[in-house]
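Here's a walk through a two-chain model, written for someone with the structure open on the screen. Have a look at it, then read on.

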Amino acid sequence: MAEPMTLSEKIWEAHVVPSPQQEQARRAALVESGVTDERLLEERADLLYIDLHLVHEVTSAQAFEGLRMSGRKVRRPDLTIATADHNVPTADRDKPWPDPLSIQQVDVLSANVHEAAIPYFGVDDMRQGIVHVIGPEQGLSQPGMTIVCGDSHTSTHGALGALAFGIGTSEVEHVLATQTLRQARPGTMAVEVNGRLGRGITAKDVILAIINRIGVGGGTGHVIEYRGEVIRSLSIEGRMTVCNMSIEAGARAGMVAPDEKTFAYLEGRPYAPKGKEWEKALDYWRSLPTEEGAAFDRIVTLQGEAIEPFVTWGVNPGHSIEVTGRVPDPDSFEAPAARDLARRALTYMNLKAGTPIQEIALDRVFIGSCTNSRIEDLRAAAAVVRGKKVSSRLRAMVVPGSGLVKAQAEREGLDKVFLDAGFEWRDAGCSMCLGMNPDILMPGERCASTSNRNFEGRQGPGGRTHLVSPEMAAAAALAGHFVDVREVLR
Amino acid sequence: MKRVTTVRGKAIPLNRANVDTDQIIPARYLKRVERTGYGPFAFEAWRKDPGFVLNDKRYEGAPILLARQNFGSGSSREHAVWALEGMGVQAVIAPSFADIFRNNAFQGGLLTVELPDEDIDYLVARAEELPSAEVVVDLESQTVRTADGGWERRFEIDPFRKYRLMRGLDDISMTLEYEADVAAFEARRPGFMPTTLP
């Protein structure tokens with residue numbers, strides 16, 4: 001009998017292009033044609049077929065240019081989809097955009113995808129939005145698929161049981177030209193979150209707890225499969241939040257085995273299979289979960305009951321602590337490099353060791369990004385702010401992940417809840433996650449953000465980012481400083 | 001792909017852990033549609049500190065960068081590789097690299113050399129003490145050595161990657177040799193897999 005396999009191994013195996021026989025025949029042909037021994041070196045990386053390629057404006061221009069220079073064409077425009085998200089302003093879109101370079105980059109994308117006949121959700125399309133929000137929303141991201149995008153948060157799509165990972169621009173060009181990618185086989189890692197989550201504890205806290213445990217390089221070279229009762233209990237959107245930040249632990253990808261929730265989420269979405277194809281797809285999807293007895297290279301276990309709301313205090317997503325805690329003392333870090341980094345982090349963040357997290361006052365609150373901008377995130381944040389007012393000391397904004405999320409929220413009256421409370425209600429895009437559109441922090445401003453990276457300058461030069469869940473961000477917006485959302489919900 | 005064999009020159013003791021791609025090249029500089037022109041903006045925020053090692057004239061023109069674990073973490077932006085190359089860096093030596101960065105570096109012909117922390121300790125101390133001292137990274141023999149020959153370490157690299165780097169082979173043209181296999185794979189893909197057509 002064949003060795004039991006994990007979810008990621010099954011998807012990998014199913015996408016290796018040359019069969020062993022084909023590979024052998026190819027090598028034999030090379031020998032026949034008098035090729036030197038070196039050319040026959042054993043290739044350690046596999047050639048994988050890519051089922052879906054998501055394209056956005058920032059990492060694709062040079063790839064299309066490369067194709068043009070070498071006279072190559074896009075092999076499968078019908079397995080490729082594009083949108084503009086990183087550069088787009090999230091207000092006053094009908095007015096001229098402030099940055100001519102942003103206009104140029106989106107224009108270049110539009111021209112490139114037009115030339116290649118790649119379907120495109122442009123800025124005027126209702127379906128435009130953050131690339132990792134629209135893939136699942138449209139039902140394009142499905143179990144058992146290989147999905148790539150020139151963006152590290154592509155791991156988000158793993159929530160549907162797909163093997164999804166970020167690539168660089170040269171790899172984008174390779175996928176455009178060949179619909180394949182050469183990749184070294186990753187290790188397998190199980191992160192099990194057992195038990196139950198307490199009230200007010202979210203998917204964001206789960207992933208921050210995981211990164212806190214394994215570190216920002218803890219998943220390097222591995223695909224993480226999130227398992228256990230807590231993961232199963234999360235909604236598909238919650239699983240997206242967890243998988244989204246897999247890269248923040250250094251992992252190649254993150255994924256959750258498909259289950260009935262996955263199928264219910266997908267059924268009826270525009271690009272989901274229909275009729276007989278749906279039945280066939282279900283059979284395939286049900287065959288995917290990790291088999292009993294399959295071995296992972298590494299296993300990490302967390303207990304759901306022990307997870308509290310997390311807040312980051314430093315300059316990477318591993319620099320986090322429970323909301324009931326205090327800013328740590330850099331001297332408490334053992335490794336010299338970590339100690340040095342913690343020291344520089346406190347200087348950059350202008351924080352003193354020992355300060356209670358709940359005494360940290362804020363200037364800005366940002367609810368949005370591919371981590372936390374879906375309808376459930378907005379509902380959860382709205383539930384905290386309903387009928388209350390944003391603190392007069394800060395500016396707060398909500399940026400839905402897509403035009404369709406925005407429309408849905410407005411149907412539910414969430415826009416009114418946020419606007420009445422004093423939040424700005426904006427158009428879909430990456431917004432203040434990464435400081436490449438008009439939404440940025442001013443130097444020295446401190447922000448509670450539902451995004452994924454608290455790197456120095458990430459939200460604008462000199463800006464200070466604290467990562468939290470949408471509920472924690474909403475509660476902080478009302479108080480003007482961090483508070484324990486569990487107290488607010490009580 | 002650029003052909004790479006040997007990198008020889010001064011080494012910059014950056015000596016930091018978890019250097020992320022937002023530090024290497026901030027997002028606001030990713031709006032160019034070319035592969036060049038990023039060098040002047042590399043490490044822009046850290047360069048504002050006059051004491052930052054890249055502001056030290058003694059390391060000007062150094063082609064080797066010494067860093068700590070998890071170099072290149074964060075975003076998938078290949079602009080990080082283009083920015084390092086734009087500032088003249090041809091090899092980065094660190095105990096570990098982020099996966100996507102390592103792939104991108106390979107595509108751009110920027111060498112990523114993994115050496116254990118104690119070897120980085122030695123190279124950093126030496127670069128700090130003798131900024132003009134040269135280091136040689138030799139891909140053929142898979143070694144890092146001091147130019148005076150007094151110290152040498154071997155590093156590991158995937159043999160096929162080494163083969164391609166040393167010849168500057170184009171990945172896409174190599175994959176296109178698999179055209180028949182790709183077509184056969186496409187013929188057996190299940191019909192329920194989605195297309196993006198409207």
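## Helix 4 of chain B

Helices here are DSSP runs of H or I with at least four residues, strands are E runs of at least two, and both are numbered from the N terminus. This is a predicted model, where local features need pLDDT of at least 70, side-chain atom pairs count only at pLDDT 80 or more, and totals for chains, interfaces and linings use all residues. Residues are numbered from 1 along each chain as its sequence is written, while chains are lettered from A and ligands numbered from 1 in the order in which they are written.

Helix 4 (residues 99-108) of chain B is mostly covered, with 9 of its 10 residues buried. Buried means that 20 or more other C-beta atoms lie within 10 Å of the residue's own (exposed is 12 or fewer, partly exposed is in between, and C-beta atoms are placed from the backbone). Among the buried ones are F101(B), R102(B) and F106(B). Who does the covering? The cover includes strand 6 (163-166) and helix 6 of chain A, along with helix 1 (21-24), helix 3 (79-86), strand 4 and helix 6 (159-167) of chain B.

## Where the chains meet

In all, 69 residues of chain A are in contact with 51 residues of chain B; contact means C-beta atoms, placed from the backbone, within 7 Å. Helix 6 of chain A provides the largest share of the chain A side, 7 residues. That side divides into 28 nonpolar, 26 polar and 15 charged residues.

Chain B has an open sheet of 7 strands in the order 4-3-2-1-5-6-7, with mixed pairing; two strands pair if DSSP finds at least two bridges between them. Strand 4 (111-114) and strand 7 (152-154) of chain B sit at the edges with a single partner strand each, so one side of each has no neighbour in the sheet.

## The nonpolar core

The largest nonpolar core has 206 residues, and V365(A), I64(B) and L66(B) touch the most other members. Such a core is a set of buried Ala, Val, Leu, Ile, Met, Phe, Trp, Tyr and Cys residues joined through C-beta atoms within 7 Å. Helix 7 (residues 203-214) of chain A gives the most to this core, with 8 residues. Leaving out residues up to four places away in sequence, I64(B) touches residues including V7(B), I12(B), I93(B) and V137(B).

## Chain A overall

Chain A has 17 helices and 18 strands. Of its 490 residues, 58% count as buried. Its C-alpha atoms fill a box of roughly 75 × 50 × 50 Å, taken along the principal axes.

For a local example, take strand 18 (residues 464-467) of chain A: R464(A) and H466(A) point one way, T465(A) and L467(A) the other, and all are buried. Strand 17 (residues 446-449) of chain A runs parallel to strand 18 of chain A, and 4 bridges join them. One of the pairs puts S449(A) with L467(A) as its bridge partner.

Technical notes
Contact = placed C-beta atoms within 7 Å. Nonpolar A, V, L, I, M, F, W, Y, C, P; charged D, E, K, R; others polar.
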